[in-house]
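Student: I am new to this structure and would like a close look at a single part of it. Could you take me through one hairpin and then show me what else is there?

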Amino acid sequence: MSKNKQEIIEPLNFADSFTLAMDEEIRKDGLPGSYGCFALELDDRPDIETLQHRIAEFSQKFPVSLASLQQIGRHFYWCKRDNLPQLFFNHICPENDEGLDFQQHTINQIINRKEKRESITPIEFHLITSSAKNTFFMRWIHPFCDARGADLILQFLCTKDENKRQQFGLPKTEPLVNIQLAKYHWWQKIILFFKAKIYIAKLDKLKSIQSFDQNKKKESASRNLHLNFDVQRLTESETQQVIKQAKKAVGLTGTSLYYIGCLMRALEKMYPEAEGDAYCTPYAFNIRKQRAITPMTGNHVSALFAQAPREIIKDRNKLFTHLKQQNTGVIRQQLDYAFLPLMWAGSWLSLKEYGKILRLSNGTDNERSSFWFSDVGKLDIPAQSFPGTEINTVFHVCQVTTPPTLAFLSCIYNNRLTLSYNFIEPIISLEQIETLHQLVLLELLD
Amino acid sequence: MKKILRDFIFEELIFVTEPSQFSDDENLLEAGLDSMGIMRLIMFIEDKYSITLPDTEIEPENVQSFNALEQWILKYKKG
């Protein structure tokens, strides 16, 4: 494809390329691609005029939000379009329709809509209104931003003061992955590169457990595969109990490890016969400083893995001690940053080659991930800050490859832990997820 | 010691608008120091002061402020 240099807005950074390789893998399954979404369930209809105004302001301030993703040579770039895409959509429930069904149906349509990568709008804002429920739904394609960036975009839209909105994304910086990688001398980068390779080779010695029957994928034509999600919200007191148990189990090393361990145990209880030696899940860690309001767009993450052999899973105390030690060990050995040179090298591969390396255990057809995981922690968007109404609840959604077919996402909003199970039907059914959640809940509350 | 800790935390881990206004007693956890940040801070301290901080002592009371951090480090620097 030939494109003039003038048309390029910006190149993808190497963490963006990492997410693009996963987009390709998701598309290979006949699914729409690597979408991430945040849903804000609102108390009432919002002030649409103000909302549209802020979205327009956002797109002017961050023109990459209007760009088209194009491949030029080996690399991908955000390029200018001839016709600017629509960013805001208002879906109004017809009077005779049932509001809650309309909400669910509309969200399912948005997350399952297939488009060519080049024509996708990097980010879309959907307002779904009905007399029963109002939801603000933001969908982005992952090379455009990471979950923290999406959180910042929501904060931007919920900031009343124009001067404060102008501060978002400032000061403009290089991608943080580039800045972090530049801190190392060339020989340190090589050491890190091999450290990461050795670490992955060690992980790959254990075959990852796949809980769900992938034969259903073969039986079902790929056009029938689609993402569904189930959102489960804990009460405030249950959330407090989970935080208390997490601290007891993994201390200050983080609640994320606790959620991961609880899901591993729940899966093992539900599918003890599933083949494999260990549960393994990748999770991203953010390179941004906490509470920073820049950078807004792009991905600024590196990856880590949590892996636990089957025999350890059975003993709750042993499992959490293991996950905690693994996490501490990874950071002590600087393996968290070791993935940066690996991701940089990967960005030079074709998407097909890169995707294979990312997903499959070395030299096999075995998927490395037992499930995907993301925890965005406590969201700081004040409930009263949304234009013209209040935010009641928040959840997030993402597409996932098959296998592992399941992505487990968590956040805390208004002091309530929200778990979002994202799964590909018909490989996994809603009934299976509901059973799984009951087991997860038992584990979380101990 | 606090200057070294402040420089590392504000340059690498937490964004605050006015670092100079952030007191040594202010709560770092409330300011956004999270689990990954704590682990990274501990690695930095251990490397900088050639000490080992026991995992069993990674508690809020030891990491919640610059004053608390200093006390925790001194316990091992002296020993």
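**A hairpin and its surroundings**

Tutor: Let's start with one pair of residues: L69(A) stands opposite W78(A), which lies in strand β4(A). Please keep in mind that this is a predicted model. The two strands involved are β3 (residues 68–72) and β4 (residues 75–79) of chain A; they run antiparallel and are joined by five bridges. Two residues lie between the strands of this hairpin, and there G73(A) takes a positive phi near 65°.

Now let's step back to the whole chain. Chain A has 15 helices and 14 strands. Its C-alpha trace spans about 55 × 50 × 45 Å along the principal axes. A compact globule with 446 residues would have a radius of gyration near 22 Å, and the 21 Å of chain A agrees with that.

Next, have a look at an open sheet of chain A. Five strands form this sheet, in the order β5-β6-β7-β2-β12, and their pairing is mixed. At the edges stand β5 (88–92) and β12 (391–398) of chain A; each has a single partner strand, so one side of each is left without a neighbour in the sheet. From one strand to the next, the twist averages 15°.

Inside this sheet you can follow another antiparallel pair: strand β6 (residues 123–129) of chain A is joined by seven bridges to strand β7 (residues 134–141) of chain A. Here I123(A) stands opposite W140(A) of β7(A). Helix α3 (residues 99–112) of chain A packs on the sheet and touches β2 (35–42), β5, β6, β7 and β12 of chain A. The direction of α3 makes about 10° with that of β7(A).

Finally, here is a place where two helices meet. Two packed helices are described by the angle between their axes and the distance between the axes. In chain A, the axes of helix α10 (residues 255–270) and helix α15 (residues 430–445) come within 8 Å and cross at roughly 130°. That angle makes α10(A) oblique to α15(A). The crossing of α10(A) and α15(A) is right-handed. On the α10(A) side, the contact is made by C262(A), L263(A), R265(A), A266(A), K269(A) and M270(A). On the α15(A) side, T435(A), L436(A), L439(A), V440(A), E443(A) and L444(A) take part. The residues of this contact between α10(A) and α15(A) divide into eight nonpolar, one polar and three charged.

Definitions and conventions:
Residues numbered from 1 in each chain as written. Chains lettered and ligands numbered in written order. Predicted model: local features only at pLDDT ≥ 70, side-chain atom pairs only at ≥ 80, totals over all residues. Axes fitted to C-alpha atoms, helices over the stretch in contact; angles between N-to-C directions. Helix = DSSP H or I, 4+ residues; strand = E, 2+ residues; numbered from the N terminus. Parallel < 35°, antiparallel > 145°, perpendicular 65-115°, else oblique. Left-handed = near helix turned anticlockwise from the far one by under 90°. Contact = placed C-beta atoms within 7 Å. Nonpolar A, V, L, I, M, F, W, Y, C, P; charged D, E, K, R; others polar. Pairing = 2+ DSSP bridges. Rg over C-alpha atoms; globule rule 2.2 N^0.38 Å.
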